[in-house]
Amino acid sequence: MEWLHTLFFGSGIAHAVLTFALVITIGILLGKVKIGGISLGITWILFVGIVLSHFGMTVDGEVRHFVQEFGLILFVFSIGLQVGPGFFASFKHGGMTLVMCAVAIVLLGVATAYVVHLATGTPIPTMVGILSGAVTNTPGLGAAQQAFSDLHAGADAPDIATGYALAYPLGVIGAILTLLALRYLCLLYTSDAADE
């Protein structure tokens, strides 16, 4: 039975593959569950990873680093493939306005994070993680970790990932609640307009 304990709570490639497989499988299965017509989708993978790591199912640092970098590369590459064909065409149809709105949102988020840093004394690496998590920006998390590593001779910054993991659920739930509120307001507005 020692091999079973080592498989779940040890180290090595078999343990890493099992851990990633469990996190992804359980996360995808939970993502199919809908409550009130709402599903968190693949966001559950993050939550399952947090829970399993809390109970001691962690992965060796080198393996985790490789999977983290490779996963981020695949994520960004797949997004590029998905939006690439219509990217330049979108500039003809109000795309520049949307780009400026996106830039304004990012700058507002950075300003807000800096004000929170000044008000609470939360370290900047943690605030960068919180900013990335609050807007559910996984590539932003990867870029922040890489920038920190480059600036500090390859050192890791666990505070960035911790801030991300804490803020990400609230970012997802906040977005869902905002869309539900907008839907309700739009339905309320259309019913008032129909009454007139």
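Predicted model: local features only at pLDDT ≥ 70, side-chain atom pairs only at ≥ 80, totals over all residues.

Author: Let's start with a term: a pocket is an open set of grid points with protein on both sides within 12 Å along at least five of seven lines.

Reader: What makes the second largest pocket a pocket, and how much space lies in it?

Author: The set of points is open, whereas a cavity is one where the probe cannot get out, so the word pocket applies. About 350 Å³ of space lies in this second largest pocket. It has 17 lining residues, and the closest to its centre are Val-106, Gly-109, Val-110, Leu-131 and Ser-132.

Reader: Which elements give two or more residues to that lining?

Author: Helix H5 (95–120), helix H6 (124–134) and H7 do. H5 gives the most, with eight residues.

Reader: How do you know how the lining of the second largest pocket divides into nonpolar, polar and charged?

Author: By residue type: Val and Leu count as nonpolar, while Gly goes with the polar ones. On that basis the lining has twelve nonpolar residues, five polar and no charged.

Reader: Which residues of H6 are called buried, and what makes them so?

Author: The label needs under 20% relative accessible area. In H6, Thr-126, Met-127, Gly-129, Ser-132 and Gly-133 are buried, so each of them falls under that cut-off. Ser-132 also turns up among the residues closest to the centre of the second largest pocket.

Reader: How does the lining of the largest pocket divide by residue type?

Author: There are 24 nonpolar residues, 16 polar and three charged. Tyr counts as nonpolar here, so Tyr-164, one of the residues closest to the centre, belongs with the nonpolar ones.

Reader: What share of the residues counts as buried?

Author: Of the 196 residues, 20% do. The accessible surface comes to about 13500 Å², with 75% belonging to carbon and sulfur atoms.

Terms used
Residues numbered from 1 in each chain as written. Heavy atoms only, no water. 1 Å grid on protein atoms, 1.4 Å probe; cavity = no way out; pocket = protein on both sides within 12 Å on 5 of 7 lines; lining within 4 Å. Points joined across faces, edges and corners; volume = space filled by probe spheres on them. Helix = DSSP H or I, 4+ residues; strand = E, 2+ residues; numbered from the N terminus. Buried < 20%, exposed > 50% of the residue type's maximum accessible area, 1.4 Å probe, protein only. Areas by Shrake-Rupley, 256 points an atom, 1.4 Å probe, with all protein chains shown as cover.
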